[in-house]
Amino acid sequence: MDKVRWGIIGCGDVTEIKSGPALQKVAGSELVAVMRRNGALAEDYARRHGVAKWYDDANALIHDPDVNAIYVATPPGFHHEYTLMAAKAGKPVYVEKPMARNHGECLEMIAACEEAGVPLFVAYYRRGLPKFNQIKELLDSGVLGEIRFVHTTYLQMLREDQGQDLPWRLQPELSGGGLFVDLASHTLDVLDYLLGPIGEVKGFARNQSRQLQVEDIVTTAYAFESGVMGTGIWSFNSYKRSDVNEIVGSLGKVTFSTFGGDLRLETADGQVQDFSIPNPAHVQQPLIGMVVDELRGVGKSPSTGRTAARTNRVMDELLRDFYHQNQH
């Protein structure tokens with residue numbers, strides 16, 4: 001297509017700065033319509049962002065003849081439904097992460113888009129950010145030698161219950177699980193990008209605080225198809241925030257955060273190098289640029305339905321027993 005003319009389904013917080021403006025700033029891209037079930041909020045977003053059309057009905061937006069690509073920015077509980085609707089209408093889809101509530105939904109989304117002959121992309125935008133591409137360059141350069149293992153530690157304090165409504169991220173019927181699904185999906189996708197697909201997965205999920213009906217700690221060990229080994233722990237009932245990933249090789253290691261700016265290289269000869277690589281103002285803009293390039297036939301996106309579904313498969317493996325036990 002000559003120009004990608006986007007329609008957003010679900011113009012909530014993530015679209016305000018992270019993604020929405022990027023749809024207007026990327027060359028060959030334009031945001032022409034937005035939709036929320038609350039029409040007044042859709043109209044407000046459209047007016048503030050200079051968007052020509054707004055809707056309170058997803059089907060109407062999808063079938064707008066001026067819209068030729070759909071961005072699904074709702075909670076994951078609606079990703080499957082809206083992706084299938086867009087595919088049936090013959091329109092490419094860019095869907096927020098995590099791709100869906102479970103791996104089964106992901107596979108149905110992939111099948112629907114492939115049958116319709118339309119591309120499916122997922123907003124794992126770290127695959128486009130300069131910091132993570134710097135890490136990839138370090139790994140590919142051989143400065144770490146042969147990669148042996150990766151370890152993740154993510155800690156977060158327990159959400160205080162003050163009687164307020166639960167956010168959708170803590171409602172499994174909307175999110176697919178607890179904060180692990182929302183936050184760990186970023187890290188797991190980054191590791192897939194840097195080290196290749198994860199093969200075998202073992203782990204445990206528990207609710208130690210008993211405050212909510214979702215997991216608040218997940219531990220895992222996994223083996224990448226490449227032979228690299230991995231371990232991780234995500235605790236949402238801890239004493240502080242911490243976000244550390246270490247990729248260790250035979251000649252050195254890189255340490256980085258998924259959500260912050262930290263990146264350090266250490267090598268066996270005692271050299272230490274810190275990198276300062278800021279994010280762009282609209283963090284999804286690099287990935288959206290690659291998606292637009294692919295839709296226009298001049299590039300390739302590194303984040304697709306198939307790559308994103310792999311992360312859902314890993315999370316399903318880790319959470320299946322927890323949710324099965326809690327249903328009985």
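**View 1. Helices α6 and α11 pack against each other in a predicted model.** The axes of helix α6 (residues 103-116) and helix α11 (residues 305-325) come within 8 Å and cross at roughly 165 degrees, where axes are lines fitted to C-alpha atoms, for helices over the stretch in contact, and angles run from 0 to 180 degrees between N-to-C directions. This makes α6 roughly antiparallel to α11, given that angles under 35 degrees count as roughly parallel, over 145 as roughly antiparallel, 65 to 115 as roughly perpendicular and the rest as oblique. The crossing in which α6 passes α11 is left-handed, a term used if the near helix is turned anticlockwise from the far one by less than a right angle, with right-handed used if clockwise. On the α6 side, His103, Gly104, Cys106, Ile110 and Glu114 make the contact, and on the α11 side Gly305, Arg306, Ala309, Asn312, Arg313 and Asp316, contact meaning heavy atoms within 4.5 Å. These residues divide into three nonpolar, four polar and four charged; Ala, Val, Leu, Ile, Met, Phe, Trp, Tyr, Cys and Pro count as nonpolar, Asp, Glu, Lys and Arg as charged, and the others, Gly among them, as polar. Helices (H or I, at least four residues) and strands (E, at least two) are DSSP runs, numbered from the N terminus.

As a predicted model, it has local features that need pLDDT of at least 70 and side-chain atom pairs that count only at pLDDT 80 or more, whereas totals for chains, interfaces and linings use all residues. Residues are numbered from 1 along each chain as its sequence is written, and side-chain values use heavy atoms, with hydrogens and water left out.

**View 2. Helix α5 meets α6.** The axes of helix α5 (residues 79-88) and α6 come within 9 Å and cross at roughly 5 degrees, and the two helices are therefore roughly parallel to each other. In α5, His79, His80, Thr83, Leu84 and Ala87 meet Glu105, Glu108, Met109, Ala112, Cys113 and Ala116 of α6. By class, this contact has six nonpolar, three polar and two charged residues.

**View 3. Helices α7 and α9 cross in a right-handed sense.** The axes of α7 (residues 130-141) and α9 (residues 179-195) come within 10 Å and cross at roughly 35 degrees. Phe132, Asn133, Ile135, Lys136 and Leu139 of α7 make the contact with Val190, Tyr193, Leu194 and Leu195 of α9, and by class the contact has seven nonpolar, one polar and one charged residues.

View 4. Gly39, Ala42, Tyr45, Ala46 and His49 are the buried residues of α3 (residues 39-49), buried meaning under 20% relative accessible area, exposed over 50% and partly exposed in between (1.4 Å probe, protein chains only). The buried residues pack against β1 (4-9), α1 (13-16), α2 (20-25), β2 (29-35) and β3 (53-55).

**View 5. Leu31 lies in strand β2.** Leu31 is buried, with a relative accessible area of 4%. Leaving aside neighbours within four places in sequence, Leu31 is in contact with Trp6, Ile8, Gly20, Leu23, Gln24, Tyr45 and Val51.
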